[in-house]
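Visitor: Could you take me through how to read a structure of this kind, one feature after another?
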Amino acid sequence: NFEAVPDMGRCQGRVGRRSAQDAKDMTAKTIAGVSETAGQVLGAVETTFSGMWSDLRRPTIESNNRLAIFLLGFLPGAFGSLTSFCMAAWSVWALVSITRGTYPPRLSAISFLVALTLTAFPIALAIGMIGGEKNFEIIKKAPEAAVFLCGWLLLFRFECRPRSDQFHLLTAGGALGCIAALFVAGIQFSMGERAEGGAGNSNVFCLVVSVQTLFALFGLLDSRKEFRALSLAGVFAGALCVVLSGSRLGWIFFLISVGAALFSMRHRLISSSAKAIRVAFALLLFVIAVFLTNWHRLSAAIQDIRMITILGDYNSSIGERVVYWISGFRAFLDAPFFGYGINNRMAAVAAHAPNGYEYLITATHPHNDYLAAALDSGILGLAGLLMALGGPYWVLRYRLQSIHPAVSLSGCITLTYALFGLNGNMFGHDLSSAVFLLAITHLAAICTYKSDG
């Protein structure tokens, strides 16, 4: 007895129809999922802006602070130095309010210590100004030193009756800011340029968007589904902005800072594996996008490294940076205690350049913020920079009994700035300094609210 042999054509036809139907079902589910996510994002945007509108209609100190923390998340990438203008306006208004007695000039112990650590950097810069030649060039550095003194005024203002939902406004503003920055960066990239957003510099743009992405990333801890969707959209947009900036070191720094943020959030994200999977997928897309859109820059970097390591030739983009770093370190070793002063540092760097490469020393800074501080004011200047950079996080981390997400976020921001300082983009730009000061002072005020409440 022979069993009936099935008609293979019919079987293949049924399999083909089933596969086509499965593809249609998957496509329909994908479209439905994207539509649902888009609806959730729009709902979160509507809720956020309706709250902002309510605050604008009833201006108080609390509502002004809520608006300020939202603008900190929203402005930097797309609108650039408008962030610095806002910081200056808030500082001046805080001084006026204190003078008029609108609120008392009183700080908590935590905020006082944070402000004290921020003051260390301008003191170090002042020493560098005194150590340099006595000419009008030192005036150019005065604003860079004075801006850190704004930390006192900002803390006086932001600590005045803080609200418990300010952290949510920061994460929502960061997500929306990444989306707005992607719109601007996309236009610039389509014109054949490296994306600069509103920063005017691609490396600074990469830094501030990395910080905005950290804001958005911590929004995944929100209990509301629509705001988690908004945060995820912000993380995707921020990652794409970093890619379009074309900053090769910035790509590495971004992955390290986001990885540190995910590590700090691991216990909170473990309850929802879907969140972790989506973020991991976003990072995978980030890496793929880097290779697809910037392969020419990656291949150029590989070629530069080969020229340096194999041929000993520094006539390249990366090679020029290496010459600056080698020369700056040699100059520091010759004057480690007091440095050379701001006006003399680059002459010292050029004098210590490797033979035959003195002509590469043409910039006004050594492309490394740690070397710049050490050359300006010696070990004391470097210590002041490190105190201003890491001191606020140390105060928040070790003075509070419980860990609020704002403490973890401040640590991730500190790490991000520490990494970008290796490339000379930490505090030398008005936008980067403003974002750091506003972020640290806001987070200190939020942590003070939590510790007191």
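Guide: Let us begin with contacts, meaning heavy atoms within 4.5 Å: among those in the protein chain between residues at least 6 apart in sequence, 78% join residues at least 24 apart. This is a predicted model, in which local features need pLDDT of at least 70, side-chain atom pairs count only at pLDDT 80 or more, and totals for chains, interfaces and linings use all residues. Residues are numbered from 1 along each chain as its sequence is written, and side-chain values use heavy atoms, with hydrogens and water left out.

Visitor: At roughly what angle do helix 8 and helix 10 cross?

Guide: Two packed helices are described by the angle and the distance between their axes. Here the axes of helix 8 (residues 166-190) and helix 10 (residues 225-245) cross at roughly 40° and come within 8 Å, where axes are lines fitted to C-alpha atoms over the stretch in contact, and angles run from 0 to 180 degrees between N-to-C directions. Helices are DSSP runs (H or I, at least four residues), numbered from the N terminus.

Visitor: Which residue forms a salt bridge with arginine 345?

Guide: Side chains of opposite charge can pair when their charged atoms come close. Arginine 345 pairs with aspartate 376, the closest N and O atoms being 2.8 Å apart; a salt bridge needs a side-chain nitrogen of Lys or Arg within 4 Å of a carboxyl oxygen of Asp or Glu. Because arginine 345 lies in helix 16 (residues 345-351) and aspartate 376 in helix 17 (residues 369-399), the pair ties together parts 31 residues apart in sequence.

Visitor: Is arginine 345 buried or exposed?

Guide: Arginine 345 is buried, at 6% relative accessible area, and aspartate 376, at 4%, also counts as buried, the cut-offs being under 20% for buried, over 50% for exposed and partly exposed in between (1.4 Å probe, protein chains only).

Notes. Helices (H or I, at least four residues) and strands (E, at least two) are DSSP runs, numbered from the N terminus.
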